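User: Please examine the model shown here and answer some questions about chain B.

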Amino acid sequence: MNALQQLPSWAAVLVAGLALMSAVLAFSGSLGLLRFRAFYQRAHAPTLGTTAGVACMVGAVVLCFSLLQDGLAVRALLIGVLLLVTAPIGLLLVVRAALARDHLAGTPGIPPWDDDLEE
Amino acid sequence: MDWSHAPAVWLILLPFVASGLAAIWPRRWHPGYVMTGTGALGLAVLGWWAPGLLDGEVVRWQHAWMPALGLDFSLYIDGLAALFALLVFGIGILVAIYARYYMPAHYPLKRFYTLMLAFMGAMLGIVMAGNVIQLVFFWELTSLVSFLLIGYWHQGESARDAARTALIVTGGGGLCLLGGALLLGHIVGSYDLGAILASGDTIRNSPLYEVTLVLILLGALSKSAQFPFHFWLPQAMSAPTPVSAYLHSATMVKAGVFLLLRFWPVLAGTDAWFWGVGTAGLVSLLLGAWIATFQQDLKAILAYSTISHLGLIMMMVGFGSTLGVVAALFHVINHATFKASLFMAAGAIDHEAGTRDLRRLGGLRRLMPITATLALISGAAMAGVPLLNGFLSKEMFFAVTLGSDYGTWVDTGVVLFAVLAAGLSVAYSLRLLVGTFFGPVSLDSPRSPGEPPRWMRVPIALLSLLCLLVGILPARVVGPVLHAAAAAVLGAELPVYSLQLWHGFTWPLVMSIAAFASGCVFYVVTRSYLAEREATAWIAPVSARRVFEWVMVMLTETLPRWQQAVFPARHLQVQLRVLFGMAAGVAALVLVQFAWQVPAPGRIDVGLAVLWLVGSGCAIGAARQAKFHRMTALMLSGGAGLAVAITFVWLSAPDLAATQLLVESVTTVLLLLGLRWLPKRIPGLVRSSPRTRRRRLGDFLIASVAGGGMGMLAYLAMLHPLPDAVSRFFIENALPGGGGRNVVNVILVDFRSFDTLGEITVLAIVALSIYGVLRRFRPANESLGTPHLRLQAKGGDPAMRPAHPGATLPGFMAVPARLVLLVSPFALLFAVHLLVRGHNLPGGGFVAGLAVTLVLIVLCMARGVRWVEARVRVAPLRWIAFGWLLALATGTGAMLLGRPFLTSWHGSGTLPVLGTWHFASALFFDLGVFAVVVGVATLILIALAHQSVRAPIGVVRHDDTEPT
């Protein structure tokens, strides 16, 4: 904890705020996963954590370590970028699978499977 | 005497190097030249040493091999070893020349000569061994090469059977010999031959003497095809004739004799020795001669005659008298010359006439006069005709039997049996020679015979000439060699013997005449009877071969069936229950001691506790769902794995955490691939009956006890105060000694790199085995069908149909596939990063390899195996080979610089752009680990992934209609 004491107080507040924000976002995302009824709604909830939550956390990290160490600590940005690229993969696959199931089961009110391939 | 020692190691290496050379010999030249040249070089070295060896000097060479175990690689060449080496090289040259013309050019000649040279090396290894363990090693090597050579025509079932029999018998004998050698080492306190030979009284007076003797005898008798192990030799005649001439008459079968002579100074002279060796020899002598008389196949006659002659040699060794040793050595030389020559002559006849059957041969004297003359000389030597070498050693044999003093009836019996066996050998020699070369010309042979090529006759001629020379001028020709060999065995107490043709009218001469006369009479009387005879009289029903086969059937069929009947094990669960029950029992015995002193846990970390609650919940859930919801179970076990990974992070072990994470991912994917082929749940099959519930309760108890026990064990181990263990050394020496700050990695690639080398070797073997198993694997019929989701879509939705088997669904993967492509270069870069920084920061070859694998897996999932294989050149076997060889080369590199195997070097330097660069040679080792891991994981992945691409044998894939 010693290193953190060297942080200026304005920055400490900012970093703490961002980190807390991130935690709240991730938590509410998880809560949503638990509370929402329909599958498609539930699929959306955790993305809150992986997008906005991660963005806040990365901001906090960049700010904190840029001040503590010399120069701009941008390495953490890489985490954000990679998560941004990879997170949709999981979401897409899960939703696609659910869609396919509903499609086959003939559940009403389901969007068409794939417009391009229907021809 | 240093001048003579250095070449010893080259002499033993020479045949092995030549063997490798023969394997890659250019097609333009005949590989036979390699063997001829090797033999000639070997003879030259022996000639160079000859003056010293004949004076009784011993050439020794030693290299510390495993000094901690008292094992040195040492060579010990005295007169005895030199005599056998002379046979190995001399007969080797002649056989090489002979085989050059005997073996047709379209046969796999390189394999033949490679194996023959390997045998030459192995046999030399036996005779030159200066360490008994080393001797056993080469002993088993000759068995192995002999197995491969007997099975040279492996397309034939008889050759395969014969090879297997020979391997089982001689290999088993070798194991006994190993036991004997270990006991010798235990008694003497050293495995060094010199030390063992110097402590004869210690060994003979040891309470372990009898056991040692029996074990060594089992080795010697099985190798020399002595009763009751004689049956493998006649079967081994399905090998090509040059092999029979070289291995199975002149050299390898004499290894048993060599062994007994080698240990003669320390083992012989007791009653046990006389009864053991002498009886086996006598029985083999009579039995071999008797059976040989009834054979119709030339090679079979020669094989049984070999058994008989080896029995004669054994018997002389068994007498324990010094004259017996001299006679045995003399007969070893003589038998090698005339028998090898006869085998080659038999091969020449087979080559020309196309048959070896006595009933279809005859009158060859007129068609191949030169071969006939040569064979007659060697055959007469076998029968013991005067003026030939066989006569002299047989006379010496008679003299030895006359010198027997083990009580009246034994002595009389021995003399009588000796004459009887000699008479039989005259009879079968006559049958062989007269039946083949005399009488009317047979028109029955498949080919019209003529003289074989000149160079095929030259080796036979040389050996026959030797028979004559030794027979007429024995003292001049073999006197010094025999003297040196006998002196090596007997030391100073050489008996009085004279190598002369004429000793005057003595008892041995009378016995010779009696044997000769009785043999001739026997032949004349039984001639027409034997010509028709198929089986051996009197003993045919009791064949040792049949006993052996019965034992084999017993061991491989009857016993296992009985065991299966007694312990029914149709269900894996039964075996697992027994296994875990036993483990739990043993563990309980140990744990009970600690039960009263379980230390209470200290401070509980709430975060970690919650994490572990989640992890345990996942694990229990996985176990609960494992039976009917495999997918769920798999996901839950993944959750448990993640909990473990987070624990590692929590406890500041990022290395382990990264590895765990990657292993978890790879395992989950591989298991998912396997899930597809597990049988489906049959609805309504399982009803919950009281019996089922009872069984489940039992299973639950076993699981709880096993899991709880393991947990308890871990808990105790962790709370146990650590002794001042080696870990402190690792932590303190990682940077100064290994040049790395990442202690885990330094341990893996430096301190414990030998272990790591072994581990990656095992890994590679496992991967190859998995590939080998899966290559032929076809899914069970019930899981063949298309997955039910796809089946529902059939006919309805074209989008739910993949373009071809193994491809991903078109709509599904479009976006993820592109995203994966986008990320994979970065992931690969990250893997390289992990590899390079591994020595100082979390990372290393293992993790890096897993990372690369994960990229490939994700690509396979997103785009399909076919797509990946078409675009990424994955050659897992090359990766494995490259990695393993690199790791090995890193280790050997240290040896080249005069350091022990796998010593690492580190230092730092300045590189242009990159700045200061700290470098450790262990990086290369780590690179090897990396490559092996990549290769292994990819190989398994491909093997699994191909399952879905491949159609089962004989079943047309009907469910995936081709899109038109």
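This is a predicted model: local features need pLDDT of at least 70, side-chain atom pairs count only at pLDDT 80 or more; totals for chains, interfaces and linings use all residues.

Analyst: Residues are numbered from 1 along each chain as its sequence is written, with chains lettered from A and ligands numbered from 1 in the order in which they are written.

User: Why does helix 3 of chain B count as roughly parallel to helix 16 of chain B?

Analyst: Helices are DSSP runs of H or I with at least four residues, numbered from the N terminus. The axes, lines fitted to C-alpha atoms over the stretch in contact, come within 12 Å for helix 3 (residues 79–102) and helix 16 (residues 322–353) of chain B and cross at roughly 5°. Angles under 35 degrees count as roughly parallel, so helix 3 of chain B is roughly parallel to helix 16 of chain B.

User: How many residues of helix 9 of chain B are buried?

Analyst: A residue is buried if 20 or more other C-beta atoms, placed from the backbone, lie within 10 Å of its own. Helix 9 of chain B is mostly covered, and the buried count is 11 of its 15 residues.

User: Which residue is the bridge partner of B:Met66 in strand 2 of chain B?

Analyst: Strand 1 (residues 59–66) and strand 2 of chain B run antiparallel, joined by 7 bridges. These strands form a hairpin with 4 residues between them. In strand 2 of chain B, the partner of B:Met66 is B:Leu71.

Note on methods
Two strands pair if DSSP finds at least two bridges between them. Helices (H or I, at least four residues) and strands (E, at least two) are DSSP runs, numbered from the N terminus. Axes are lines fitted to C-alpha atoms, for helices over the stretch in contact, and angles run from 0 to 180 degrees between N-to-C directions. Angles under 35 degrees count as roughly parallel, over 145 as roughly antiparallel, 65 to 115 as roughly perpendicular and the rest as oblique. A residue is buried if 20 or more other C-beta atoms lie within 10 Å of its own, exposed if 12 or fewer, and partly exposed in between; C-beta atoms are placed from the backbone.
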